[in-house]
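This briefing goes through the ligand sites first, then a helix and several single residues. Please keep the structure open while reading.

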Amino acid sequence: MLKDSFNREIHYLRLSVTDRCDFRCFYCLPRSHREFETPDEWLTSDEIERIVGQFSMLGVKHVRLTGGEPLVRKELNEIASKIAALPGIEELSLSTNASRLAQFSEPLHSAGVRRLNISLDSLDEERFKQITGSHLQPVLQGIDAALDSGFHPIKINMVVMRGINDHEVEGMVEYCLDRGLTLRFIETMPVGEGGRSASQHYLPLSEIEARLRKRYTLQPAAMRGSGPASYFQIDDSGLVIGFITPQSQHFCDTCNRVRLSVTGDLHLCLGQEDRLELRPMLRSGASDETIRQAIRDAVMRKPERHNFNEVPEAILRPMSALGG
Ligand code: SAM
Ligand code: SF4
């Protein structure tokens, strides 16, 4: 079992399989960003299998594949199959912008991915383009394909930004109601240049909750998941909505996760810079036990909480480097 010095159990690994993306969401990956990692530095699918195997031996049960956009990594299916086959991994999930999901949804489901988080910030073609630099229709087709393939749950993640898409909240509720999708609203985080530029549109989600309460009855709901969202059921429907409030109400006390970058850096907190470089160990013949001990020691250094509010300029890497 992996435990940190604040007695938090770590059983969730977010694994970034690429730092590249076919979108340019302005709050994540500024269009000017050029500093991508070189593929020689990327962990290979065999290295990923080995390292995730060590995490599973240490008690990690849930792995989420993320990016950048994970579907732009050619070996994604192979990586997914290898991880799904590891003993101890009970859940394999994926975060995606869904732009390529129409094509890859079936193979990913066959590879063992079951839970999906899909980013969708707008249902309006023009606004979608303004936010992401890309097109809405393939994303909507990707969501339909994911429903057909039987992923469950499928959670739609909407970063709510004042003056950009906050008027679309009710429309998004209806879209998710119609399709039986879980909907989660997310506050912007000041991660990287993009995240800081989005801070001017920051909107505390308590405002959205109050607005929705005027229209719907919200009952606290239990939702099995590994995350920090607080969930509510809407009216008597099957729709569950969640609020993820890293800025207005941080949830670091119950943090259960660490993050691995595509280059093998183990990040202990999204909002801090502490990390352990695992790639040099992997490539210099370190034993499995040495790697596990290094992971245990690093997790003991996991910071108590992020400092988004106190030091919003602290994190230079874009969100796409670690996948949220
Ligand atoms: N490309 C995939 C996607 O968009 O779902 C996975 C990686 S993306 C970095 C993971 C999540 O981080 C997305 O839901 C995205 O909206 C969110 N995100 C990115 N930058 C953010 C920011 N500055 N504040 C809040 N959420 C952010
Ligand atoms: Fe790409 Fe996801 Fe970042 Fe958008 S949020 S730029 S889809 S990595």
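How far does a backbone N or O atom of G68 lie from a nitrogen atom of ligand 1, and what is that distance in Å? In this predicted model, the separation is 3.1 Å. The protein buries 93% of the 540 Å² that ligand 1 exposes when taken alone.

**Ligand 1**

- Around ligand 1 there are 18 residues, of which Y27, G68, E69, S119 and M189 come nearest.
- By class, the shell around ligand 1 holds 11 polar, five nonpolar and two charged residues.
- A polar backbone atom of M189 is 2.8 Å from a nitrogen atom of ligand 1.
- An oxygen atom of ligand 1 has a backbone N or O atom of T96 at 3.3 Å.
- Two strands, strand 5 (91-96) and strand 7 (154-159), each contribute at least two residues to the shell around ligand 1.

**Ligand 2**

- The surroundings of ligand 2 consist of C21, F23, C25, C28, L29, G68 and N97.
- The shell around ligand 2 has five nonpolar and two polar residues, and no charged residues.

- G68 sits in the loop between strand 4 and helix 2, and the peptide bond that joins G67 and G68 is cis, with omega about 15 degrees.
- T18, in the loop between strand 3 and helix 1, is buried because its relative accessible area is 0%.
- Beyond its neighbours within four places in sequence, T18 is in contact with W42, T66, G67, G68, E69, P70, V72, R73, V262 and S320.

**Helix 2**

- Helix 2 (residues 76-84) has L76, I79, A80, K82 and I83 as its buried residues.
- Viewed down the axis of helix 2, these buried residues fall within an arc of 165 degrees, so they line one face of the helix.
- The cover over the buried residues of helix 2 includes strand 3 (12-16), helix 1 (45-57), strand 4 (62-66), strand 5 and helix 3 (101-111).
- I83 is 37 Å from G171, C-alpha to C-alpha, and the two are 88 residues apart in sequence.
- G171 belongs to helix 6 (residues 169-179) and is partly exposed, with a relative accessible area of 37%.

**R317**

- R317 lies in the segment after helix 10 (288-300) and counts as buried because its relative accessible area is 13%, where buried means under 20%.
- The side chain of R317 reaches the backbone oxygen of Q272 at 2.7 Å.
- Apart from neighbours within four places in sequence, the contacts of R317 are V191, G192, H267, C269, L270, Q272, E273 and L322.

**Backbone geometry**

- Most peptide bonds are trans, and most residues other than glycine have a negative phi.
- H152 and P153 are joined by a cis peptide bond with omega about -5 degrees; P153 is in the loop between helix 5 (137-149) and strand 7.
- N7, which is not a glycine, has a positive phi of about 70 degrees.
- The position of N7 is the loop between strand 1 (2-3) and strand 2 (9-10), and N7 counts as exposed at 56% relative accessibility.
- A98 is likewise a residue other than glycine with a positive phi, near 70 degrees.
- A98 is placed in the loop between strand 5 and helix 3 and counts as buried at 0% relative accessibility.

Terms used. Residues are numbered from 1 along each chain as its sequence is written. Chains are lettered from A and ligands numbered from 1 in the order in which they are written. This is a predicted model: local features need pLDDT of at least 70, side-chain atom pairs count only at pLDDT 80 or more; totals for chains, interfaces and linings use all residues. Side-chain values use heavy atoms; hydrogens and water are left out. A residue is near a molecule or strand if one of its heavy atoms lies within 4 Å of it. A polar contact is a pair of N or O atoms within 3.5 Å; within protein, one must be able to donate a hydrogen and the other to accept it, and residues adjacent in sequence count only if both atoms are side-chain atoms. Accessible areas come from the Shrake-Rupley method with a 1.4 Å probe; for residues, only the protein chains shown count as cover. Helices (H or I, at least four residues) and strands (E, at least two) are DSSP runs, numbered from the N terminus. Ala, Val, Leu, Ile, Met, Phe, Trp, Tyr, Cys and Pro count as nonpolar, Asp, Glu, Lys and Arg as charged, and the others, Gly among them, as polar. Buried means under 20% relative accessible area, exposed over 50%, partly exposed in between (1.4 Å probe, protein chains only). The arc is that of the directions from the helix axis to the C-beta atoms. Contact means heavy atoms within 4.5 Å.
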